[in-house]
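Look at the sequence and the model below. The notes that follow cover charged side chains, a pair of helices and a surface patch.

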Amino acid sequence: MWPTRPGEAVGALPAVVLIALGTALMALSAKVNLPLPYVPMTLQTLVVLMIGAAYGWRLGSATMIAYLAEGAMGLPVFAGPVGGIAPLVGPTAGYLFGFVLAAFVTGWLAERGWDRSVMLLFAAMAVGHIAILAAGFGWLAFGLGLGAAKAWQVGIAPFIAASLVKNALGAALMPAARRIVERRG
């Protein structure tokens, strides 16, 4: 059922199961959060990047779109006990929509071999993190009108160190996860 390589074709039923598993992991990772003034720090970015690297760009992006749709329908999948439209138009909106782009780019790079070494995977995940942070920054600065300085202060600076740690963790965990799947498959 699990794709042995990112982007490997899977049937419709396995794809639905993988998307459901991915959105459940996203919801769980949202609940592990450190509240900050505008945007909470969660484990979601780690999970987004690992899903992109494992699933590839198509299934990874579809998983993030399904996750956003679940939240928009009111399911409490976002940070805190929150669902509905408010997170998709509030301070977190840019980051949430950035998840789709991050899964896309990380999955696309993984499909091109960037998942074959820890260093390349770290770089692919860094590109994914940059996509999330850029989308979040853009929304805070221009969508909400905070301005670039304030958006940097509340939307980027607090997340830089955590992003590096999550990249290292994700790049180290992916080969181990693949070995477990390959042994069971």
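## Salt-bridge network

Arg112 is partly exposed, at 45% relative accessibility. Glu111 is also partly exposed, at 21%. Partly exposed lies between buried (under 20% relative accessible area) and exposed (over 50%), with a 1.4 Å probe and protein chains only.

This is a predicted model: local features need pLDDT of at least 70, side-chain atom pairs count only at pLDDT 80 or more, and totals for chains, interfaces and linings use all residues. Residues are numbered from 1 along each chain as its sequence is written, and side-chain values use heavy atoms, without hydrogens and water.

The structure holds 2 salt bridges (a side-chain nitrogen of Lys or Arg within 4 Å of a carboxyl oxygen of Asp or Glu). Glu111 pairs with Arg112 at 3.8 Å, N to O. Glu111 also meets Arg58, at 3.9 Å, N to O. That pair links distant parts of the chain: Glu111 sits in helix H4 (residues 93–114) and Arg58 in helix H2, 53 residues apart.

## Helix crossing

The axes of H2 (residues 44–72) and H5 (residues 118–143) come within 10 Å and cross at roughly 125°.

## Nonpolar patch

Leu21, Leu25 and Leu28 form a nonpolar surface patch, with about 270 Å² of accessible area together. Patch residues have over 30% relative accessible area and no salt bridge; nonpolar side chains are joined within 5 Å. Leu28 belongs to helix H1 (residues 12–31) and is exposed, at 58%.

Definitions and conventions
Patch = residues over 30% accessible without salt bridge, like charges linked within 9 Å, V, L, I, M, F, W, Y side chains within 5 Å. Areas by Shrake-Rupley, 256 points an atom, 1.4 Å probe, with all protein chains shown as cover. Helix = DSSP H or I, 4+ residues; strand = E, 2+ residues; numbered from the N terminus. Axes fitted to C-alpha atoms, helices over the stretch in contact; angles between N-to-C directions.
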